[in-house]
Amino acid sequence: MSLLRRIQDATVDPRFQSADILRMCKILAARLDHSAFKEWINQELNGYLEDGNLPDYRIFKDLGCRGDFFGPFDSGLKNAPIPPISLPEELREAVSTEYVLQSVSSLENTVSQANQNNTSILRAMWAADAVALFGRDIYKDMVCGQAWTDIPTASFVAVLDTVKSRILDFVIEIESEDPHAGDAEPGKKPIPDSVTNNIFHGCILHQHTQTVSSGSVLQTHSQGTTHMSEHYTNNLQGANVANMANTVKDEARQQANQYIHQSEQKKTLAEAAREIHQLLKQLEQAHPTATELEKVAYVNDETTPSFKRRVAGALQASSESAIDEFILENKYLKVAKAAIKGWLQPGD
């Protein structure tokens with residue numbers, strides 16, 4: 001059976017995980033010699049390093065927000081909805097939007113755990129600073145103890161289904177161009193790049209990947225999402241909702257940005273360190289006698305140009321030594337720094 005047919009069969013076979021299908025697609029991408037398809041596969045397998053290049057199906061919009069509130073004389077509200085109008089206008093979209101950066105394996109694990117716990121809603125907890133700055137004026141005479149954004153587990157299932165569906169569409173179109181494209185010999189490009197590009201943008205990106213702003217007042221899922229079942233009921237009739245959109249001062253906004261938004265540079269370096277650590281560990285298992293130069297070359301070969309540019313940019317915004325704190329094993333530090341130092345050179 002051809003590789004294209006094996007991939008098609010796998011996309012409709014529930015026994016195959018998304019990661020299994022993507023690994024078969026990695027072979028296909030190598031035989032097509034198509035860099036954009038390769039990069040998309042790597043990001044789906046390993047996770048996205050930033051939200052600026054997320055495909056549309058990984059952006060959840062118009063999510064609901066809730067919180068626990070405490071008032072005088074032991075009064076309070078549990079699991080109470082947070083009306084968007086009670087927040088500054090510039091934060092409403094941020095708290096109601098989730099950028100899903102995790103790998104497909106991580107998403108499948110999240111869905112599996114939610115199903116085991118019979119949980120249909122997951123919580124993306126707000127950072128404590130966000131709660132402290134904006135949690136006093138949501139309900140009159142009440143203070144917010146914790147707040148979160150509700151994310152239906154069905155949304156994560158939809159991401160996984162979309163990945164499979166778009167792969168299926170892509171492979172069917174490739175097969176219509178050349179039924180033997182998946183089994184092409186090394187060094188022979190079976191389909192012109194112009195044709196593969198059109199198929200990739202039409203089937204994988206759907207020609208409408210959205211540009212999104214970076215940063216979120218929420219702690220990202222890569223730091224952990226709290227899984228909780230919903231058991232609370234509230235009678236909110238007559239609740240006084242304060243509109244703080246006109247009362248938050250510029251100074252408070254600046255403070256929120258300072259304390260809430262994660263450092264994109266640190267986030268990028270942390271992801272880079274994890275990726276490099278995994279690559280070196282794989283090489284160590286396969287070739288334990290590899291020299292330092294061979295290790296550096298392996299890291300260079302297995303990372304994409306965009307990955308290198310992001311890491312180099314993050315280091316230039318801080319310092320070359322900033323990567324040190326993220327490499328967990330000292331034996332990998334020298335190789336990691338040598339590889340990254342090469343990415344800082346002009347023209348790399």
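Q: In which sense do β2 and strand β3 pair, parallel or antiparallel, and over how many bridges?
A: Two strands count as paired if DSSP finds at least two bridges between them, while strands (E, at least two residues) and helices (H or I, at least four) are DSSP runs numbered from the N terminus. In this structure β2 and β3, the latter spanning residues 76-81, pair in the antiparallel sense over four bridges, and F70 stands opposite G76 in β3. The model is a predicted one, in which local features need pLDDT of at least 70 and side-chain atom pairs count only at pLDDT 80 or more, whereas totals for chains, interfaces and linings use all residues. Residues are numbered from 1 along each chain as its sequence is written, and side-chain values use heavy atoms, with hydrogens and water left out.

Q: What do β2 and β3 form, and which residue in the turn has a positive phi?
A: The two strands form a hairpin with five residues between them, and the residue with a positive phi, about 55 degrees, is F73 in the turn.

Q: How many bridges join β2 to β6, and how many join β5 to β6?
A: Strand β2 (residues 65-70) pairs with strand β6 (residues 143-152) in the antiparallel sense over six bridges, and the bridge partner of C65 in β6 is T149. Strand β5 (residues 121-125) also runs antiparallel to β6, joined by five bridges, with L122 having I151 as its bridge partner.

Q: Is E108 buried or exposed?
A: A residue is called buried under 20% relative accessible area, exposed over 50% and partly exposed in between, using a 1.4 Å probe and protein chains only. E108, which lies in helix α5 (residues 104-116), has a relative accessible area of 15% and is therefore buried. Contact means heavy atoms within 4.5 Å, and, leaving aside residues up to four places away in sequence, E108 touches Q17, S18, A19 and L160. The C-alpha atoms of E108 and L160 are separated by 7.6 Å, although these residues are 52 apart along the chain.

Q: How do the axes of helix α1 and helix α7 cross?
A: Axes are lines fitted to C-alpha atoms, for helices over the stretch in contact, and angles between N-to-C directions run from 0 to 180 degrees. The axes of α1 (residues 3-11) and α7 (residues 153-177) come within 9 Å and cross at roughly 155 degrees.

Q: Which residues in α1 and α7 meet?
A: From α1, the residues L4, R5, I7, Q8 and T11 meet K164, I167, L168, V171, I172, I174 and E175 in α7.
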